[in-house]
Amino acid sequence: MGQVVLIIEDNERNLKLFRDVLQLSGFETLEARTAQEGLELASSARPDLVVMDIQLPDLDGATALTLLRKREETAHVPVVAVTAFAMKGDRERLLFLGFDDYIPKPIDVSSFADRLRRLLPDGGGVATT
Ligand code: MN
């Protein structure tokens with residue numbers, strides 16, 4: 001059984017790209033298009049990892065992360081921030097806020113899944129060569 005990644009992203013094109021890349025890499029995916037929907041899905045489905053766009057229509061990423069961390073059932077899930085408006089200092093700021101990693105868009109398709117796997121307890125259950 002594959003590891004489950006919850007994608008919280010309101011941009012359809014990015015959502016599809018993340019889904020395709022992750023599924024091709026052996027992950028199962030869940031999708032949410034708002035932070036609220038993502039929080040509910042994270043609580044009910046308990047994904048192994050969350051990829052979150054930090055510009056969502058209802059909440060900013062920092063607030064959504066705080067809410068995820070507050071809930072016992074989602075407090076420890078790794079959360080990776082993605083953003084289209086990469087600016088100098090973003091990485092430091094987002095890691096300081098508590099995100100486990102930060103990936104600027106456009107993502108590097110060839111390394112995206114491996115980057116996420118590194119955050120999973122057993123490396124995503126995939127042997128590396
Ligand atoms: Mn967005």
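Which residues is S43 in contact with, leaving aside its neighbours within four places in sequence? View 1 has the reply, and the other views take you through the rest of this predicted model. Because the model is predicted, local features need pLDDT of at least 70 and side-chain atom pairs count only at pLDDT 80 or more, while totals for chains, interfaces and linings use all residues. Residues are numbered from 1 along each chain as its sequence is written, and side-chain values use heavy atoms, with hydrogens and water left out.

**View 1. S43 and its partners.** S43 is in contact with R71, E73 and T74, once neighbours within four places in sequence are set aside; contact here means heavy atoms within 4.5 Å. S43 sits in helix α2 (helices, H or I, have at least four residues and strands, E, at least two; both are DSSP runs, numbered from the N terminus). With 15% relative accessibility, S43 counts as buried. Buried means under 20% relative accessible area, exposed over 50% and partly exposed in between, using a 1.4 Å probe and protein chains only.

View 2. D53 is buried, at 2% relative accessible area, whereas Q55 is partly exposed, at 33%.

**View 3. The largest nonpolar core.** A nonpolar core is a set of buried Ala, Val, Leu, Ile, Met, Phe, Trp, Tyr and Cys residues joined through side-chain atoms within 4.5 Å. The largest one has 19 residues, and I8, V50, M52, V79 and F99 have the most contacts inside it. Two or more residues of this core come from each of β1 (4–8), α2 (35–45), β3 (49–53), α3 (61–70) and β4 (79–83). Apart from this core lies another, of 17 residues, including V21, V80, A113 and L120. In soluble globular proteins, nonpolar side chains tend to be buried together. Take a look at V79 too: beyond its neighbours within four places in sequence, V79 is in contact with V50, M52, L65, L68, R69, F99, D100 and D101.

**View 4. A81 in strand β4.** A81 is found in β4 and is buried, with 0% relative accessibility. Not counting residues up to four places away in sequence, A81 touches M52, I54, L94, F99, D101, Y102 and I103. The C-alpha atoms of A81 and D53 are separated by 5.9 Å, though the two residues are 28 apart along the chain.

**View 5. V51 in strand β3.** V51 lies in β3 and is buried, at 1% relative accessible area. Leaving out residues up to four places away in sequence, V51 touches V5, L6, I7, I8, F18, V80, V82, F112 and L116.

**View 6. Two backbone details in loops.** The peptide bond from K105 to P106 is cis, with omega near 0 degrees. P106 belongs to the loop between β5 (101–104) and α5 (109–117). R46, in the loop between α2 and β3, has phi near 50 degrees, a positive value in a residue other than glycine. At 52% relative accessibility, R46 counts as exposed.
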